[in-house]
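Hi,

Here is the structure for your files. My notes on the strands and on one helix pair follow below it.

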Amino acid sequence: SQDRVFNFAAGPATLPENVLKKAESELYNWRGCGMSVMEMSHRGKEFLSIIQKAESDLKTLLSIPSDYAVLFLQGGATTQFSAIPLNLCEPNDQVDFLVTGSWGDKAFKEAQKFCKPHFIWSGKSEKYTKIPSFDSLEQNLNARYLHICANETIHGVEFKDYPTPKNKDEILVADMSSNFCSKPVDVSQFGIIYAGAQKNVGPSGVTIVIIRKDLIGNAQKITPVMLDYKIHAENNSLYNTPPCYGIYMCGLVFEDLLEQGGLVEVEKKNKKKAEILYNAIEESEGFYRSPVEKSVRSLMNVPFTLEKSELEAEFIKEAAKEKMVQLKGHRSVGGMRASIYNAMPLAGVEKLVAFMKDFQARHA
Ligand code: PMP
């Protein structure tokens with residue numbers, strides 16, 4: 001609508017307009033119960049209906065098999081960097097990391113405190129622009145798990161398929177924070193999928209963990225109660241006060257994604273948006289550049305630079321004047337980044353592409 005900007009932020013990120021309107025209409029008095037969701041007891045029947053519906057809609061969206069638990073937690077994806085080794089490993093257990101960007105690297109550093117991680121591959125020396133072919137990887141046959149970040153939010157590198165751990169007891173663990181629910185995923189390939197909500201499915205404050213049930217219940221003795229999956233699973237994510245309003249918002253987003261026809265349809269829209277943006281970059285003949293190898297370019301986060309880097313500040317300023325905001329790249333890499341999550345409408349990407357062409361015509 002007229003008074004909204006196109007928000008290309010990496011997260012917290014834009015939410016679907018109809019979801020915001022629905023939340024607005026229910027804010028003051030949720031479905032006639034006389035109070036808002038923010039004021040409800042998390043143990044009352046109203047909130048129970050909200051969290052149960054959110055969970056069951058997510059299970060439908062991702063076709064989550066029945067031997068997996070869904071947990072709504074707090075502490076961001078960052079907290080999972082420690083919770084995962086604490087729940088899956090003894091201090092001397094080895095784990096593998098395939099690192100394709102700075103989030104995977106952060107997860108690695110945190111895991112070092114609780115187990116013995118090692119890199120089977122890191123893209124750092126090539127500035128995180130690639131994903132290796134899986135056949136060439138030397139996996140550790142004793143590793144408890146293999147960790148990947150399915151979509152690196154800062155570098156714009158996204159796995160299009162997933163490695164299979166060589167050892168049959170080893171599980172694949174994926175940080176899907178920035179491409180969660182952006183496309184169908186075969187959950188059964190993973191032991192754990194985790195994601196902060198604030199990019200594709202809701203506000204910050206909710207972290208979703210999808211875990212195969214047999215992996216629950218082996219936490220190290222020192223594991224704080226808030227990090228122990230067993231506690232949260234046994235209590236249906238209600239061991240302590242959960243982030244109620246955030247869970248409610250995620251639930252509205254899940255309903256919206258189902259109404260759109262589910263993740264197959266959502267992926268089609270995301271592909272189309274990414275395609276027109278990457279095409280615009282390619283067709284600019286070097287005026288704009290994407291550093292990422294073509295086959296692994298993210299559908300969600302599109303980093304690009306200007307050949308004339310001195311024009312970057314001007315680009316961001318002019319775009320903001322036209323109500324396209326948050327296009328500055330992450331401080332660690334510079335340049336620009338357009339995050340085009342599920343809730344970014346095609347019209348937003350079309351407007352950005354038209355602006356890029358016009359900007360180039362004026363500055364080439
Ligand atoms: N992993 C990825 C891929 C991310 O993009 C982010 C946040 N940008 C994080 C982890 C950290 O998430 P949080 O801020 O929710 O802890």
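Strand E11 pairs with strand E12 (residues 301-306) in the antiparallel sense, over 2 bridges. Pairing here requires at least two bridges found by DSSP between the strands. Strands are DSSP runs of E with at least two residues, helices are runs of H or I with at least four, and both are numbered from the N terminus. In this pair, Tyr-288 stands opposite Leu-306 of E12.

The model is a predicted one: local features need pLDDT of at least 70, side-chain atom pairs count only at pLDDT 80 or more, and totals for chains, interfaces and linings use all residues. Residue numbers start from 1 along each chain as its sequence is written.

E11 and E12 belong to an open sheet of 3 strands, order E11-E12-E14, with antiparallel pairing. Its edge strands are E11 (288-289) and E14 (336-339), each pairing on one side only.

There is also an open sheet of 7 strands. Its order is E2-E10-E9-E8-E5-E3-E4, and the pairing is mixed. E2 (68-73) and E4 (116-122) are at the edges with a single partner strand each, so one side of each has no neighbour in the sheet. E2 pairs with E10 (residues 207-212) in the antiparallel sense over 6 bridges. Leu-71 stands opposite Val-209 in E10.

Now the helices. H3 (residues 76-88) packs against H4 (residues 102-111) at about 45°, with the axes 8 Å apart. Axes are lines fitted to C-alpha atoms, for helices over the stretch in contact; angles run from 0 to 180 degrees between N-to-C directions.

Best wishes
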